[in-house]
Amino acid sequence: MASPSIGCPSSSTALPAGAGLRRSPSSVHPWRRRHHQQQQARRLVMAAAARRRYKGTVRREAALAELVERKVAEAMEACGERGQDDEGCRVAWDEVEEVSQARADLRRRIAEAPGDPLEHFCAHNPTADDCAVVYE
Amino acid sequence: MAAFTAHTSAATSLYSPAGTAILLRSRSRAYPTTTTIRVSCSKTVVIGVAADSGCGKSTFMRRLTSVLGGGAEPPRGGNPNSNTLVSDTATVICLDDYHSLDRAGRKAKGVTALDPRAHDFDLMYEQVRAIKEGRAVEKPVYNHVTGRLDPPELITPPEILVIKGLHSMYDERVRDLLDLSIYLDISNEVKFAWKVQRDMAERGHSLESIRASIEARKPDFDAYIEPQKQYADAVIEVLPTQLIPGPGDDEGKVLRVKLIMKEGVEHFAPVYLFDEGSTVNWIPCGRKLSCSYPGIRFAYGFGAYFGHEVSVVEMDGQFDKLDELIYVETHLSNLSTKFYGEVAQQMLKHADFPGSNNGTGLFQTIVGLKIRDLYEQIVARR
């Protein structure tokens with residue numbers, strides 16, 4: 001996997017889930033054990049709050065959101081000038097529909113899949129640029 | 001590494017009569033070697049699903065792949081922008097991949113994606129036929145983010161192939177390859193309500209833009225897409241409810257859904273309520289079953305649809321509790337379930353999918369079970 005670029009604003013306590021070494025309780029002094037456990041819990045909470053995503057998905061989401069906005073603006077403009085029946089107007093609104101549907105599909109895939117939509121691809125191509133891990 | 005080429009044109013090299021495909025190894029070896037991979041002799045079952053964009057095709061696909069078993073995922077490795085879904089038994093291909101004109105091309109020609117001029121039906125027919133006959137194909141990939149055609153991906157023949165898109169039943173040759181065809185017919189008010197739900201959270205969209213988009217696409221939709229419903233073996237028609245009087249429910253939450261099934265289709269026995277071939281009006285809510293407002297109403301009957309004899313099962317209203325669902329399932333017949341309560345179980349499994357509490361989810365699940373039954377009948381026949 002490519003080296004993680006940690007986008008999370010809080011610094012040293014944000015660890016990827018499971019990366020921290022857990023020492024067996026017997027090796028830690030009892031009076032330090034609770035403090036140690038609290039720290040572990042805090043670290044895990046931070047890791048859980050910071051969702052692990054691939055750069056490719058983040059990029060795609062941003063691209064589609066921007067595309068939707070731009071295409072709607074273009075369609076409004078095209079139809080305003082030339083009128084509703086013009087084919088340019090129809091094509092413009094069709095493009096809006098296409099990107100809106102793509103955006104909705106991506107949103108759904110991100111919401112329902114346990115992992116990232118790029119999970120399969122990145123399992124086979126860990127060095128791809130799209131597969132850089134981003135925490136947000 | 002084996003140099004593998006998949007031919008989409010008829011006959012020759014890779015497909016031998018014994019039902020095996022032969023891979024040619026690269027020439028780096030000193031001696032010629034061949035490896036055989038088994039390709040199924042039995043033909044793939046092909047199902048076609050057609051509907052307008054944003055009308056429930058994807059949800060239907062998810063329910064269908066769940067009924068057929070196995071998780072549906074994009075093909076391993078390969079293009080991350082792939083529109084294809086692969087599960088253990090089924091492969092779902094999206095017909096957008098057969099665009100002959102990419103986004104820029106369509107804009108230049110002044111043609112929408114609904115227009116058949118933007119699609120390569122010859123390639124679609126060739127490749128669907130090849131898959132049906134057991135040959136792998138290199139299918140193009142249409143990237144919805146960039147709007148361009150990406151390099152092709154390999155599709156190996158599955159047991160069940162589902163083609164979903166705007167034009168699944170448009171071309172006559174493709175229609176002849178389909179073992180079962182389904183059309184999702186969403187009325188205008190419901191379509192508007194669904195698209196509002198889908199798009200309102202997006203920056204850039206407003207009620208006006210959503211309405212304008214639907215209006216602008218309507219001429220092409222009426223001309224090219226809607227006529228396909230006469231060819232479908234099963235139509236799921238979604239209309240606004242009749243249970244709430246007046247302007248009532250304009251959020252489109254309560255729906256009236258009809259399942260229109262053609263009579264005489266091979267391996268497809270229409271669902272019926274109580275007494276096949278009669279007309280029934282049924283309100284299950286009463287003494288045995290308590291429902292909350294606005295309740296549930298069922299109807300069953302027969303008639304003609306574009307000149308064909310059909311049976312129609314209709315549900316108006318919403319399911320609130322599991323009891324209602326099981327009660328209704330008990331009284332429907334010819335559901336092709338494998339055990340009592342399978343429909344309810346499938347609906348519960350996907351309670352988070354849109355339409356899980358009304359007729360859209362119910363009839364999509366039932367059609368999924370019918371497809372499974374059709375597939376098993378065809379396989380048993382061989």
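Two strands pair if DSSP finds at least two bridges between them. Helices (H or I, at least four residues) and strands (E, at least two) are DSSP runs, numbered from the N terminus. This is a predicted model, in which local features need pLDDT of at least 70, side-chain atom pairs count only at pLDDT 80 or more, and totals for chains, interfaces and linings use all residues. Residues are numbered from 1 along each chain as its sequence is written, chains are lettered from A and ligands numbered from 1 in the order in which they are written, and side-chain values use heavy atoms, with hydrogens and water left out.

**View 1. Strand β6(B) and its pairing partners.** In β6(B), B:Val92 is the bridge partner of B:Leu85. Strand β5 (residues 85-86) of chain B pairs with β6(B) in the antiparallel sense, over 2 bridges, and a hairpin of 3 residues joins β5(B) to β6(B). Strand β9 (residues 160-165) of chain B runs parallel to β6(B) and is joined to it by 5 bridges. B:Lys164 in β9(B) stands opposite B:Cys94.

**View 2. Burial of β6(B).** Strand β6 (residues 90-94) of chain B is mostly covered, with 5 of its 5 residues buried (under 20% relative accessible area; exposed is over 50% and partly exposed in between, with a 1.4 Å probe and protein chains only). In a regular strand the side chains alternate between the two faces of the sheet. Both faces of β6(B) are covered: B:Ala90, B:Val92 and B:Cys94 are buried on one side, and B:Thr91 and B:Ile93 on the other.

**View 3. The sheet of chain B and helix α1(B).** The strand order in this open sheet of 10 strands is β5-β6-β9-β4-β10-β11-β12-β16-β15-β14 (chain B), and the pairing is mixed. At the edges are β5 and β14 (280-282) of chain B, each pairing on one side only. Helix α1 (residues 57-68) of chain B lies across β4 (45-50), β6, β9 and β10 (180-186) of chain B and runs at about 170 degrees to β9(B). Axes are lines fitted to C-alpha atoms, for helices over the stretch in contact, and angles run from 0 to 180 degrees between N-to-C directions.

View 4. B:His99 is in the loop between β6 and α2 (103-109) of chain B. Its relative accessibility is 5%, so B:His99 counts as buried. Leaving aside neighbours within four places in sequence, B:His99 is in contact (heavy atoms within 4.5 Å) with B:Arg106, B:Ala113, B:Ala118, B:His119, B:Tyr142 and B:Leu149.

**View 5. Packing of α3(A) against α5(B).** Helix α3 (residues 87-112) of chain A and helix α5 (residues 188-199) of chain B pack with their axes 10 Å apart, at an angle of about 60 degrees. The contact involves A:Glu97, A:Ser100, A:Gln101, A:Ala104 and A:Arg107 of α3(A), and B:Lys195, B:Arg198 and B:Asp199 of α5(B).

**View 6. Surroundings of A:Cys122.** A:Cys122 belongs to helix α4 (residues 119-124) of chain A. With 2% relative accessibility, A:Cys122 counts as buried. Residues up to four places away in sequence not counted, A:Cys122 touches A:Tyr54 and A:Cys131. The C-alpha atoms of A:Cys122 and A:Ala132 are 9.0 Å from each other, the two residues being 10 residues apart along the chain.
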